[in-house]
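Reader: I've got the model open and a few things I'd like to go through with you. Can we start with whatever I need in order to read the strand pairing?

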Amino acid sequence: MSTYSLSDGLASGAPRVSRAPLLTAWVKDSGAGVLASIAWIAFGLSCLWWTDVGDWSRTHSLGIAAFVIAAVALFGTVGADYLGSAGKALHKRAPWLVALGAFLTVWELATAKFAWLPLPFFPPPQAIIEVYTDDLPKLLDSVFASVKLQLGGYLIGATVGFLTGVSIGWSRAVGYWVHPVLRFIGPLPATAWLPIAFFTFPSSWSASTFLIALATGFPVTVLTWSGVASVSNAYYDVARTLGAKPSFLVLKVAIPAALPHVFVGLFMGLGSSFAVLVVAEMIGVKAGLGWYLQWAQGWAAYSNMYAALIVMSLLCSGAITLLFAIRDRLLVWQKGTVKW
Amino acid sequence: MVATALAEVVTHPAAGAALDIEQVSHAFDIDGAELPVLSDVSISVVSGEFVALLGPSGCGKSTLLRLVAGLDKPRAGRLREDDSRITRPHPSRVVVFQDPTLFPWRSVWDNVALGLEAQGILKSQRQRVDDALDLVGLSSFRNAYPHQLSGGMAQRVALARALVNDPKILILDEPLGKLDSLTRITMQAEIVALWQRKGFTTLLVTHDAEEALVLANRVIVFSDRPARVKADIRVDRPYPRHRGDPYLADLRRQILGLLGLDATW
């Protein structure tokens, strides 16, 4: 719309030319927000205009929700000056809102309306919304089970890995005994232990916790160790001449200096533990998102699988965001760290 | 006169310690071969003296400082602070290294507090940290992190980190070596002022003859590796010293001659 009025103003000559720069500025500033609104109106219309090829109960609500989002985008853009930081945030994300609206429109048309993509393998957005509204208790139970299992295993693995890494890095004797074991066992994918773990541990829950801890522990150990080992001797010299005891050298010199490495290890451990979590849940544990995926596949409930995948992705991404937030808080002294 | 002198003594109870280096020899093992770095070095430093150790680069001066600090043990000979033998590091002998080696994860204040914290007396003596920062003029940077400081500021923080411990012997291992010449001249004056105020014994390693002469009571010239004492020169000039002082210029010529650089003069 706005582009039209701009070209109109340019075409019709002198009196309006003086307004053109203002208009250009306005289009530059708000164009994306207006486009986002249009994209979401298109999505809403695509929901409501045609009838569904299948039987989905949330189509109407989804269409209304799309209009609401379109309205929020529009008023947020027009009234950005009055909204402060919220307006700025919206302005920054407007291009993404455009892309998202367009994608959802195409998705809606390709599945629910014209079935260009084969059903039921590609469910429409409203089918996934339906999962969230109708199957919520089960999904929440799964989320809770996954988070519990992951958190327990990860914390154990990270703690043990950190302590092992510090001891190897600090003590030659510990290094002599632990290093070969680490080299032998560490590179083995934790999932390879799965069959044995499920036999030897008293419960599938403890077996999975062990495997997640193992997957987390290896990278955390190696990186903590390398962090401690690479601390410059000059730091120890300074601390020693100032009267530091060995415990001070470990706690106040070696560990803080190694912390950037430790966080790389924690990040890598988080990634590999996610993989173990899902596999363990699919194979042994009768709860959690991995199990939910497996269960949904058994019933050919494809929309449930997509819904679970989206939740899983949000959880994993959230966990990494949290880790990075902790890192940024602890390592404020570092300059130029990667923003997640 | 007597009254002011007494007052001086009373306000500075932790004045310098005497240092005795007796027939010290040291060597490194490099790939199985023994590399001698110090050969029968004997130096006796009186309490409160400012001694500069001058010698060609890599001659073993810094090794001697590490022995005085107690960071390494000599292969032969003995080192004593007052009457007690030096066997390990002690906060009464603090080193300022060529690199400031501030802990990057600690703020300026926390870096200066390091020694008191390591000795477990920080809680009751926080004021000393503030005083040390005041002394080097960096109170307004107390919350800054080391990567935000310039080279000269970082070295000042390192100096404050040493001085907060009220050392009896201050060991300076080319602390100004990496600074630009202007900052260097300013900091030379600051070091002299601090030394005069606090009365600690100072040992300065440098390879700059001018710096040694402007700062020290005594300049000890070392030979090439393995280092031996080649000359022990007393610099009897009042402070503040002038760089163009003909007496110092004459000494400088002598020293450069000892170091084998007379051809350039």
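Predicted model: local features only at pLDDT ≥ 70, side-chain atom pairs only at ≥ 80, totals over all residues.

Reader: Okay, how many bridges join strand S1 of chain B to S2(B)?

Author: Strand S1 of chain B covers residues 19-30, and S1 and S2(B) run antiparallel. Pairing takes at least two bridges. The number joining S1 to S2(B) is nine.

Reader: Which residue in S2(B) stands opposite B:Ile21?

Author: S2 of chain B spans 33-45, so look along that stretch for the partner, given that strands are DSSP runs numbered from the N terminus. Opposite B:Ile21 stands B:Ile43.

Reader: Which strands of chain B are the edge strands?

Author: The open sheet has four strands in the order S2-S1-S4-S5, with antiparallel pairing. An edge strand here pairs on one side only. That gives S2 (33-45) and S5 (84-85) of chain B.

Reader: And at what angle to S1(B) does helix H2 of chain B run?

Author: Helix H2 of chain B takes in residues 61-69 and lies across S1, S2 and S4 (76-81). Its angle to S1(B) is about 120°.

Reader: Over to chain A: is A:Val222 buried, partly exposed or exposed?

Author: A:Val222 is found in helix H11 (residues 204-229) of chain A. Buried means under 20% relative accessible area and exposed means over 50%. Because its relative accessibility is 29%, A:Val222 counts as partly exposed.

Reader: Last one: how far apart are the C-alpha centres of domain 1 and domain 2 of chain A?

Author: Domain 1 is 2-119 and domain 2 is 136-330. Their C-alpha centres lie apart by 42 Å.

Notes. Residues numbered from 1 in each chain as written. Chains lettered and ligands numbered in written order. Heavy atoms only, no water. Domains from an automatic or database assignment. Helix = DSSP H or I, 4+ residues; strand = E, 2+ residues; numbered from the N terminus. Contact = heavy atoms within 4.5 Å. Axes fitted to C-alpha atoms, helices over the stretch in contact; angles between N-to-C directions. Buried < 20%, exposed > 50% of the residue type's maximum accessible area, 1.4 Å probe, protein only.
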